[in-house]
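Here is a briefing on a single protein chain. Keep the sequence and the 3D view open while reading.

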Amino acid sequence: MNSISQFPEWAGRRRVVALALVGALSACTGGEPEAVGGSRTCPVTNVADRPERPSAPLLAWLDTQGEKDSAGWYGTGDLWTFPEATRYASPQGEGGLRIKMPWWRGRDEKLTLRLVSLRTGESVEGSVPDGYYAPGFQPTGMLLPYAGCWQITGTLGATRLRLVVDVTPFRAPGTATPAG
């Protein structure tokens, strides 16, 4: 599948967030994920402070998804993302975490992602699958060694977008908090 338009039962922005989080939340058994960590000192990017309004092609794409409101999208030029999708991370392997993040590319160039921990300076590369047409939706995944404050840099040709997210592990409601 190369577009979230194959999921008409999702409404508006929830479609994008749901697609981005479906893999991460598949282990949950009902209800909203419950936060078990996170930092109150992380300088999280405020979407309301975005440098510009969404482009006409992004707004047109959102309209095809049944979403009239671009609130929650952060970006510039031909590169936009929905940062709220990175709020919770699912356990992955030996203590690592996986986040998924939706992006919108306004042109057909390779998207690359680099994440840097603002706690340790450690960096990781994000995974950007092939096969999605631009302009349009581009899902991505990132494996992180731990939760916390991460700066994400998305690069699409000459366009660079930076934002800071506070990644928090999640657990299904009613489950024990992991030791840590």
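The points below go from the overall fold to individual residues.

The model is predicted. The chain holds two helices and 10 strands. Of its 180 residues, 46% count as buried. One disulfide turns up in a search of the whole structure, and the count of aromatic pairs comes to five.

**Overall layout**

- Read from the N terminus, the elements run α-β-α-β-β-β-β-β-β-β-β-β.
- Take the contacts between residues at least 6 apart in sequence: 66% of them join residues at least 24 apart.
- The accessible surface of the chain is about 9100 Å². Carbon and sulfur atoms account for 52% of that surface.

**Helix α2**

- Helix α2 spans residues 56–64. L58, W61 and L62 are buried in this helix.
- Those three residues cover an arc of only 100° around the axis, so they sit on the same side of α2.
- An α-helix has 3.6 residues a turn, so residues three or four places apart point the same way.
- The face turned away from the buried side of α2 carries A56 and T64, both exposed.
- G66 follows α2 and has a positive phi, near 85°.

**Aromatic pairs**

- W61 and W73 pair edge-to-face.
- W61 belongs to helix α2, while W73 lies in the loop between α2 and β2 (74–76), so the pair ties together parts that are 12 residues apart in sequence.
- Both of these tryptophans, W61 and W73, are buried.
- Y132 and F137 also form an edge-to-face pair. Here the distance is 6.4 Å centre to centre, with 75° between the planes.
- F137 counts as buried, at 3% relative accessibility.
- Ring pairs link W61, W73, F82, Y132 and F137 into a cluster.

**A charge over a ring**

- R119 places its charged end over the ring of Y146. The distance to the ring centre is 4.3 Å.

**The disulfide**

- Which two cysteines form the disulfide? They are C42 and C149, with sulfur atoms 2.1 Å apart.
- A disulfide is a covalent bond between the sulfur atoms of two cysteines.
- The link of C42 and C149 is right-handed, with 70° about the S-S bond.
- C42 lies in the loop between β1 (34–35) and α2, and C149 in strand β9 (residues 148–156), so the pair ties together parts that are 107 residues apart in sequence.
- C42 is buried, at 11% relative accessibility. C149 is buried too, with a relative accessible area of 11%.

**Two prolines in loops**

- The peptide bond from A134 to P135 is cis. Its omega is near 0°.
- P135 lies in the loop between β7 (123–125) and β8 (136–144).
- P83 is found in the loop between β3 (79–81) and β4 (88–92). P83 counts as buried, at 10% relative accessibility.
- What does P83 touch, not counting residues up to four places away in sequence? Its partners are V47, G72, Y74, M101, L163 and V165.
- The C-alpha atoms of P83 and V47 are separated by 7.8 Å. Along the chain, P83 and V47 are 36 residues apart.

**S127 in the β7–β8 loop**

- S127 lies in the loop between β7 and β8. P135 lies in the loop between β7 and β8 as well.
- S127 is partly exposed, with a relative accessible area of 42%.
- Leaving aside neighbours within four places in sequence, S127 is in contact with T140 and G141.
- S127 and T140 are 13 residues apart along the chain. Their C-alpha atoms are separated by 5.6 Å.

How values were computed
Residues numbered from 1 in each chain as written. Predicted model: local features only at pLDDT ≥ 70, side-chain atom pairs only at ≥ 80, totals over all residues. Heavy atoms only, no water. Buried < 20%, exposed > 50% of the residue type's maximum accessible area, 1.4 Å probe, protein only. Helix = DSSP H or I, 4+ residues; strand = E, 2+ residues; numbered from the N terminus. Arc of directions from axis to C-beta. Contact = heavy atoms within 4.5 Å. Areas by Shrake-Rupley, 256 points an atom, 1.4 Å probe, with all protein chains shown as cover. Phe/Tyr/Trp six-rings, centres within 6.5 Å; stacked < 30°, edge-to-face > 60°. Lys NZ or Arg CZ within 6 Å of the ring centre and 35° of its normal. Disulfide = S-S within 2.5 Å.
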